[in-house]
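This report walks through one protein model for a reader who has not seen it before. Please look over the sequence and structure shown here, and then read on.

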Amino acid sequence: MPNPVFDDIAETASSSDPSLHRVLIVGGGAAGLRLTSLLGASVGRRRRASITLLDKSRIHVWKPLLHEVASGSMDSETDSLELIAHARRRHYRYRIGEMIGLNRAKRQIYVAPSLDEDGQIVIPPRVLGYDTLVIAVGSVANDFGTPGVHEHAITLDTLDQAVRFNRRMINACLRANAQYEPLRPGQLHVAIIGAGATGVELAAELHKSMRELASYNLDRIDFEKFIKIELIEAAPRILPALPESLATATAEALRKLAVNIRTGTRVMAIRAGEVVLDSGEIVPAELIVWAAGIKAPDFLRDLDGLETDRINRLIVRPTLQTSRDDDIFAIGDCAAVVLPGLSEPLPPRAQTAHQEADYMVKAVKARLRGSPLPEFKYRDLGSLVALADYQTLGLIFKNVKMQGLIARLAYKSLHKRHLQAVHGSFKVAIDTLVNAVTRRTEPRIKLH
């Protein structure tokens, strides 16, 4: 797709050796960073290919844990990964920037300029070339055209958004504790729109963290009495993408935490400090989170003729190659993967992203050898829902129930396996040991 803005920009070199096969991975999320790290530690280190990662953020935090950053249960300053330093350790090249266009004929992508906080250009527009392109740009919140979402609600798509919500939550508690007048309607109330895994887990984390905050000398207010969490879902039940038995058990656990669950309820608008329901009822809330659905980023729609579905996901074949270009792959939430025998795309979950990244390591190595690509095979390993420290529930292998300590360890292991692929086993073992010691001396929630 020609673009006059980029016509006079020379292609940025992605390797010091022009004879190397250029693998360009766009997006450093759960799928993209895992793939980049595994390829860098194998073919990149042996100089069998040039591995480049493009991402607009310089810091990586595993997206399934952003709700813990928002609640303060996880400190992003100590649990994040600096991509610039990581690239040197894992033998790949990191480029800062956001993909905004594609020229399939020249096998190039267009990268927007990178700006600082003051709007000054740090890195000018660029053109990056590739021999194999893997698009792993993830997903963003889908507001379905609901008025007021952008202005009055926070989504949890990025680390910055999660940190911003955490600051709002802490300030709301400090404000309520310091004021002399009675609390106004909706003050210290939280409305979470969308009861998928993110919304459900966030509700439990906020129940815990807001009460933890009260223990730090915020004693002028009865937080147990005044904190209220509303979980609003348009579907007939919470966790609509997960097995019904798991959703039922989770709903029961949330009600014991005094979370008010509203199912079969659509949100018509978000206004300052309130949520408007389809019944006309107004739900007052000082903190509003939108977690009602996802879509792939808008720039993927009409990306130099690549085929997409109704929520902008790239249509891919069982080899994860896009339907109209053998040199372009898509993995993670931005890929619509319909495998033989299935009628719906694979679910946008961490285990899907991890399995696709692991498959892509094999696919890239096959391309380097000139061998045919194997077909991607997906295994549903089950579902786990962690309700803060209160309870972890799950189903493994579709019908084996799991809860308690075993379920909690299984949930934690998902993140550990991601870190193992990204850092290697030795570093993860050392970090785990250090964290087990240091966290006993730190506050249980982030306080600033």
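## Helix α7

Helix α7 covers residues 197–214, and because its 18 residues should span 26 Å at 1.5 Å a residue, the 26 Å between its end C-alpha atoms agrees with expectation; the expected span is 1.5 Å times one less than the number of residues. Of these 18 residues, 16 are buried, so that the helix is mostly covered, where buried means under 20% relative accessible area, exposed over 50% and partly exposed in between, with a 1.4 Å probe and protein chains only.

## Basis of the model

This is a predicted model, in which local features need pLDDT of at least 70 and side-chain atom pairs count only at pLDDT 80 or more, while totals for chains, interfaces and linings use all residues. Residues are numbered from 1 along each chain as its sequence is written, and side-chain values use heavy atoms, with hydrogens and water left out.

## Overall form

The protein has twelve helices and 28 strands, which are DSSP runs numbered from the N terminus (helices H or I, at least four residues; strands E, at least two). Its C-alpha atoms fill a box of roughly 70 × 45 × 45 Å along the principal axes, and 52% of its 448 residues count as buried.

## Cysteines

The structure holds zero disulfides, a disulfide being a pair of cysteine sulfur atoms within 2.5 Å. C173 counts as buried because its relative accessibility is 0%, and C334, at 0% relative accessibility, counts as buried too.
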